[in-house]
Amino acid sequence: MYKNDNTRIQPIFFSCTIEEETGRFMKPGKVVLVLARRYSGWKAIIIENTDDGTSDWPYSYDLVAGTDRYPREVTASTGKEKTAKRSKIKSFVKVHNYGHLLPTRYSVNVPLDKTVVNKEVFWDPALKRKARREAKVKSEERHKTGKNKWFSQKLRF
């Protein structure tokens, strides 16, 4: 927008901050796509978010849990043992920078235990395995009940 004061045209600048205009959309339960590193292109769910950095991670970040290996296709003629084997899911738990996540319009309500899946699990490998196991159990539960089938399918580009 410009202002004309008979001598020359001067631009008018508005002072506003981004936080005032946009609401918080990176909330727990939001489905995101991971854009960077090993799990790029995979779907994940935000477990915990931090807008201000900490001493460990000096940037705004999210703790996400996602599916590393999606379940395979099962047909009607598949036996029980093969169905159980093909329905297994491998999960991951990571801390990602906001810039490395693409939020979607979808939200999923996954009741993960916050005492098991939190930021402190990254300092102890045994706790990290326990957190991944918790995410795996909840993901397999949702897959078996048939809720949000699109979340347990591979993303096709």
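Predicted model: local features only at pLDDT ≥ 70, side-chain atom pairs only at ≥ 80, totals over all residues.

My entries below cover salt bridges, one methionine and a charged patch.

Entry 1

Entry 2. How many salt bridges does a search of the whole structure find? I got 2.

Entry 3. I looked up the pair K119 and E48, whose closest N and O atoms are 3.6 Å apart. K119 sits in the loop between strand 7 (101–107) and helix 3 (125–145), while E48 is in strand 4 (residues 43–50), so this pair ties together parts that are 71 residues apart in sequence. Is K119 buried or exposed? Its relative accessible area is 18%, and buried means under 20%, so I wrote down K119 as buried. E48 comes out at 23%, so I put it down as partly exposed.

Entry 4. Next I checked K90 and D68, which meet in a salt bridge at 3.7 Å, N to O. K90 is in strand 6 and D68 in strand 5 (residues 61–69), so they tie together parts 22 residues apart in sequence. I found K90 partly exposed at 36%, whereas D68 is buried at 15%.

Entry 5. Then I went to M26, in the loop between helix 1 (18–21) and strand 3 (30–34). M26 is buried, with a relative accessible area of 6%. Among the residues M26 touches I listed V32, I46, Y98 and L101. I also noted D51: 25 residues from M26 in sequence, and 9.1 Å away, C-alpha to C-alpha.

Entry 6. Last, the surface: I found R72, K82, K85 and K88 gathered in a patch of positive charge. K88 is in the loop between helix 2 (80–86) and strand 6 (90–97).

Conventions. Residues numbered from 1 in each chain as written. Heavy atoms only, no water. Helix = DSSP H or I, 4+ residues; strand = E, 2+ residues; numbered from the N terminus. Buried < 20%, exposed > 50% of the residue type's maximum accessible area, 1.4 Å probe, protein only. Contact = heavy atoms within 4.5 Å. Patch = residues over 30% accessible without salt bridge, like charges linked within 9 Å, V, L, I, M, F, W, Y side chains within 5 Å. Areas by Shrake-Rupley, 256 points an atom, 1.4 Å probe, with all protein chains shown as cover. Salt bridge = Lys/Arg side-chain N within 4 Å of Asp/Glu carboxyl O. Lys, Arg positive; Asp, Glu negative; His and termini not counted. Charge placed at Lys NZ, Arg CZ, Asp CG, Glu CD. Lists of a residue's contacts leave out its neighbours within four places in sequence.
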